[in-house]
Amino acid sequence: MAFATARSLALKGADGHVIDVQVDVSPGLVNTTIVGRVDKSLSEARDRVRMAINNDCGRWPATKRVTILLAPADLPKGGTHYDLAIAIAVMAADKKHEELTPDLLEGWAFIGELSVSGALRPVPGVLPMVIAAAAHGITRVFVPEPQAVEAGLVPGMTVFGVRSLAQVSAVLRDVEVPEADPVVGPSASPLATWRGDDRLADLDLRDLDGLEDVRYAVEVAAAGGHPLMLIGPRGTGKTSIAERIPTILPDLTTEQSLEVTALHSVAGTLPQGSGLLSRPPWFAPHHSATAASVLGGGTGRVRPGQVSLAHHGVLFLDEFPHFRSDVIEAMRQPLESGEVTIARGEESATFPARSLVVLAANPCPCGNFHGLSGGACECTEVQRTHYRRKLSGPILDRVDIWMEVRPQGRRSGSWRSGPESSADVRARVVEARQRQARRYRDCSWQLNAGCPGPVLVERWPLDPEGQRQIDLELSAGRLTRRGLTRVQRLAWTVADCAGVSRPGPREADIALALRSDDPARSLPAHVTSVVAS
C-alpha cells in the first residue's frame, strides 16, 4: 500500500479553507475514485489528471486501485484548481515515481488546472486561497505562471509560478526544471477594453456647474459611506454626479486593497499580472440585470455579484425603480449589514458588500418634470403610482441621504469663483475619514455608516440639544427608529466634514434635511459656508 497527501484550498465565498488531498494507490480492482463531496467539474479531474501524468510525467498507475479523498469530507468542493494537488499526490503515492516521495510535499500548497498535455492553466480565486494558506502556516505555493504576481501579494509567501506538471515535479525533486510552453490565459476583449475604467478617468466635479446642494450631499455620502438617493427629471445631472463620486474617494488602504482584490480574484475578473487594486471600484449594472449578477450567485460555484465587487467603492443603480422587484428587495441586506449571504441548496456563501450605494430615479416613468414647476409629465396617475410602488418602504428607509436634483441653467460663475475640483473635495473627504479612523480605531467598522446604533448612543452621543431636535422628528412620525439611527450617523459625518468635535443643533438640522425626502425641506442656507470652511 502507498499513500501520499498534498494540500490545496477550497473557497467558501471569499474565505479559503485548507484541503488535504489524500491519495491511496493499492492492489485491487482497477478503478479511480474521488470522494469528499465533490461536484461534477472535480469528478472529471481523474480524466484530466490521468492524461496529464501520461503525457508529461511518466505513467498513471493503470494496474492499481486509486482512491482520492478530499478532506474534510463534509465541506462541499468544486472547481478545477485541485488538479495539480491530485496529480502530485498520485505521483508521490505511486512507487514508480521513486524520486518523488510523500515527505517532499510537506509545507507546500498546490493550485492549478491541468490540461491533457500537462500544462498548468489559470484558475479564479488564487489570492484568497493563498491568503488562507498563509494563515494556516503554509509558506510555499505552486500556482500557474500568469498568476504568480497575484499570489505574491501575500506577505511571507514563497510563490512558484510554473507552466506544467513536469516543472512542479522537478522543483520538488530539486532537479533541473524542464522548459515548457508559456501558459496563455483568457484575454480581455476589445469591447471590454473600450468600456473599461479609462472612460471615467478624466471626469472631474469641476465639469459640472451649480448643484451646490447635491455636491454637498455627495461629499457627506463619500465621507461617511452613506447610501444616497438622487431623484430628479431626466437630464438634470444625476448620472454625471454619480460617475464623479469615485474621483472624490481616497485610495484604498492596504487592507482594503487585499479585500477588494481577493473578491475580484474569486469572481475571475482580476486581470492577469496585475497587482493590488488601489482605487475604489465602480460598478453600474443595467436595470435589466438579474439578482445573481447584482447580488451574487449563479449555477455551480457561487460567485460574488457587483455589489460585492464594488466593496469599498461605488455601486450605482441608475433607473432604480426599473430594476426587477427581486433585485430591489434583495438590496435590503447589503444596505443594512454591508454583506450578502447567498444560499444555493446545501451551499452558502457570505461576501462583504460595504460599497457606497448610489440610487437614481426619475419623478415618474416618463422622466419629465412631474411635481416641479414648468413640468410636462405625460404619465397617468396609475402609472406614477405603480412606479412609486416599486420602491418599498423598507428599502427607502435604509437610504440615508435623499437629494432632489433640479434643472439648472448654465452659470457664468459659481461659488468660490467656479466649481470645486474633485481633488479639493477629496482632500476634505480624506480629513473626515481620518477623524472617523481615530474615533473607531478599536472597532471593527471604519466609517460612520457602519457604526451600530446602540454603540453610537452609548459611546458617541450627540449634543443634547441636537438629539432633542432629532427626537422631535421621531415623535412627530417623520422618522422611524431605523431612520433615527441613520440621522445620528449623518450628524456625525456632517460634523466630521466641518471639523466639529461633537454634533450639535446645526449638524442635526443638516442631517435631517439630508435624510428628508420632502422637497419642501431643503438644506439650511449655511451649508455652503460649511462646505467652504
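1. Phenylalanine 142 is buried, with a relative accessible area of 0%. Buried means under 20% relative accessible area, exposed over 50%, and partly exposed in between (1.4 Å probe, protein chains only). Phenylalanine 160, at 28% relative accessibility, counts as partly exposed. This is a predicted model: local features need pLDDT of at least 70, side-chain atom pairs count only at pLDDT 80 or more, and totals for chains, interfaces and linings use all residues. Residues are numbered from 1 along each chain as its sequence is written, and side-chain values use heavy atoms, with hydrogens and water left out.

2. The aromatic pairs come next. Rings of Phe, Tyr and Trp (its six-membered ring) pair if their centres lie within 6.5 Å; planes under 30 degrees apart count as stacked, over 60 as edge-to-face and the rest as tilted. The count by this rule is eight aromatic pairs. One of them, tryptophan 108 with phenylalanine 142, is stacked, at 4.4 Å centre to centre and 15° between the planes. Tryptophan 108 belongs to strand β5 (residues 108-110) and phenylalanine 142 to strand β8 (residues 140-144), so the pair ties together parts 34 residues apart in sequence. Helices (H or I, at least four residues) and strands (E, at least two) are DSSP runs, numbered from the N terminus.

3. Phenylalanine 142 also pairs with phenylalanine 160: the ring centres are 5.5 Å apart and the planes at 45°, so this pair is tilted. Phenylalanine 160 lies in strand β9 (residues 158-162), so its pair with phenylalanine 142 of strand β8 ties together parts 18 residues apart in sequence. Trp108, Phe110, Phe142 and Phe160 form one aromatic cluster.

4. Aspartate 204 deserves a look. Its place is the loop between α7 (190-194) and α8 (212-224). Aspartate 204 is buried yet has no salt bridge; arginine 206, the nearest side chain of opposite charge, is 4.2 Å away. A salt bridge here needs a side-chain nitrogen of Lys or Arg within 4 Å of a carboxyl oxygen of Asp or Glu. The side chain of aspartate 204 does reach the backbone nitrogen of arginine 206, at 2.8 Å. Not counting residues up to four places away in sequence, aspartate 204 touches Arg244, Glu420, Ser421 and Ser422. Contact means heavy atoms within 4.5 Å.

5. Now the whole protein. It has 22 helices and 18 strands. Of its 533 residues, 52% count as buried. Among contacts with a separation of 6 or more, 72% come from residues 24 or more positions apart.

How values were computed: Lys and Arg count as positive and Asp and Glu as negative; His and the chain ends are not counted. A polar contact is a pair of N or O atoms within 3.5 Å; within protein, one must be able to donate a hydrogen and the other to accept it, and residues adjacent in sequence count only if both atoms are side-chain atoms.
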